[in-house]
Amino acid sequence: RVLWDAGSAGAQSMVTSAQAIAMAQYANAKHGLNPGQEAAVRCGVEQALTVVWGPPGTGKTKTLAATVHTLIHDANARGSGLKVLVVGPTYKAIEELISRIITAIDQDAGCVADVCVAYSRSSKPNAFSTTSTRIAASSFQIDGNDPGFSSCIASIQDASRVSVVATTVMQAYKFARELHGGDYVAPVFDAVFIDESSQVPVSR
C-alpha cells in the first residue's frame, strides 16, 4: 500500500488534529525544534504515511528521534502499549538514531519502554546503556538461541508494553521470519520509521 497507494495512506488520520498539535508542541518543548521540524512531527503522528525530506544538516534524524520519543511518551501517558519498528540502510545510521531515542526517553520521567536493537548473526551487537531502570535497552543477534532476542519477542507479544525494535531494512524481514515463521505481512508494529528511505532498494 505504501508503494502503490501512498495518497490514501497519507490522507488517513491516526489521531485528531488537536492531539497531533499537542504532541508536536511536546516534542518542540523537549527537543527545541524549528517550525519545519515541529510541523514534520505533527504530520508524522497524525497521518498514516508521512515523508520527511531535506538536504544534509537540516535535522531529519533529530526530527525522527523527537517523533518516536513523543509517541512513546503519549503511549505511556495513556497507559497503552505501543510497538515501534525503526529501520535504516546501515547499522551506523540505526545506531545513531536509536542512541538519540534512548537518550531522550531516558531523560523523560514519563517514559517506560523496552528498546531492542537487532543485528544479523554475522554482526557484533553494539551495547547501549541507560541511566534509568525505566528503560530496558538490549542488543542481540537475530537468532532464536540468543536470550536478548527471546526477551525482545516477549516484549513485543505483551500488548501492555511499549516496545521499540531497531534494525537494518535487510534484517527486518529476517526478524519477521523468526517472529512469525515466514509470515512477513503479519501485523506487529503500530508505527514504522524508515531512516534514509531513499537509500532502501525496494526491489529487494
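**Fold, burial and contacts in a predicted model**

P187 is placed in the loop between helix 7 (169-180) and strand 5 (191-194), where helices (H or I, at least four residues) and strands (E, at least two) are DSSP runs numbered from the N terminus. The relative accessible area of P187 is 80%, so this residue is exposed; here buried means under 20% relative accessible area, exposed over 50%, and partly exposed in between, with a 1.4 Å probe and protein chains only. Eleven residues along the chain separate P187 from A176, and their C-alpha atoms are separated by 9.9 Å.

The structure is a predicted model, in which local features need pLDDT of at least 70 and side-chain atom pairs count only at pLDDT 80 or more, while totals for chains, interfaces and linings use all residues. Residues are numbered from 1 along each chain as its sequence is written, and side-chain values use heavy atoms, with hydrogens and water left out.

The protein contains seven helices and five strands, and their pattern, read along the sequence, is α-α-α-α-β-α-β-β-α-β-α-β. The radius of gyration of the protein is 16 Å, close to the 17 Å that the globule rule gives for 204 residues, so the protein is as compact as a globular protein of that length; this radius is taken over C-alpha atoms, and the globule rule is 2.2 Å times the number of residues to the power 0.38. Taken along the principal axes, the box filled by the C-alpha atoms is roughly 45 × 40 × 35 Å.

Of the 204 residues, 41% count as buried, and the accessible surface of the protein comes to about 10,600 Å², of which 53% belongs to carbon and sulfur atoms. Accessible areas come from the Shrake-Rupley method with a 1.4 Å probe, and for residues only the protein chains shown count as cover. Contact means heavy atoms within 4.5 Å, and among the contacts between residues at least 6 apart in sequence, 65% join residues at least 24 apart. The protein carries 16 positive and 17 negative side chains, and the centres of these two sets lie 3 Å apart. In this count Lys and Arg are positive and Asp and Glu negative, whereas His and the chain ends are not counted; the place of a charge is taken as NZ of Lys, CZ of Arg, CG of Asp or CD of Glu.

Aromatic rings were examined next. Rings of Phe, Tyr and Trp (its six-membered ring) pair if their centres lie within 6.5 Å, and planes under 30 degrees apart count as stacked, over 60 as edge-to-face and the rest as tilted. By this rule the count comes to three aromatic pairs. One of them joins Y91 and Y119, which are stacked, with 4.8 Å from centre to centre and 20° between the planes. Y91 lies in helix 5 (residues 91-106) and Y119 in strand 2 (residues 113-119), so the pair ties together parts that are 28 residues apart in sequence. Both Y91 and Y119 are buried.

T63 counts as buried, at 6% relative accessibility, and T70 is buried with a relative accessible area of 2%. L64 also counts as buried, at 14% relative accessibility. Leaving aside neighbours within four places in sequence, T63 is in contact with Q37, A40 and V41, T70 with M23, Y26 and A27, and L64 with L97, F193 and D195. L64 and Q19 are 45 residues apart along the chain, and their C-alpha atoms are separated by 18 Å.

Two serines complete the description. S139 lies in strand 3 (residues 135-141) and counts as partly exposed, at 24% relative accessibility. Apart from neighbours within four places in sequence, the contacts of S139 are V117, Y119, P125, N126, A127 and F128; Y119 is also a member of the stacked pair with Y91. From C-alpha to C-alpha, S139 and S17 are 36 Å apart in space, and they are 122 residues apart in sequence. S150 has its place in helix 6 (residues 147-157) and counts as partly exposed, at 39% relative accessibility. S150 and G79 are 71 residues apart in sequence and, C-alpha to C-alpha, 24 Å apart in space.
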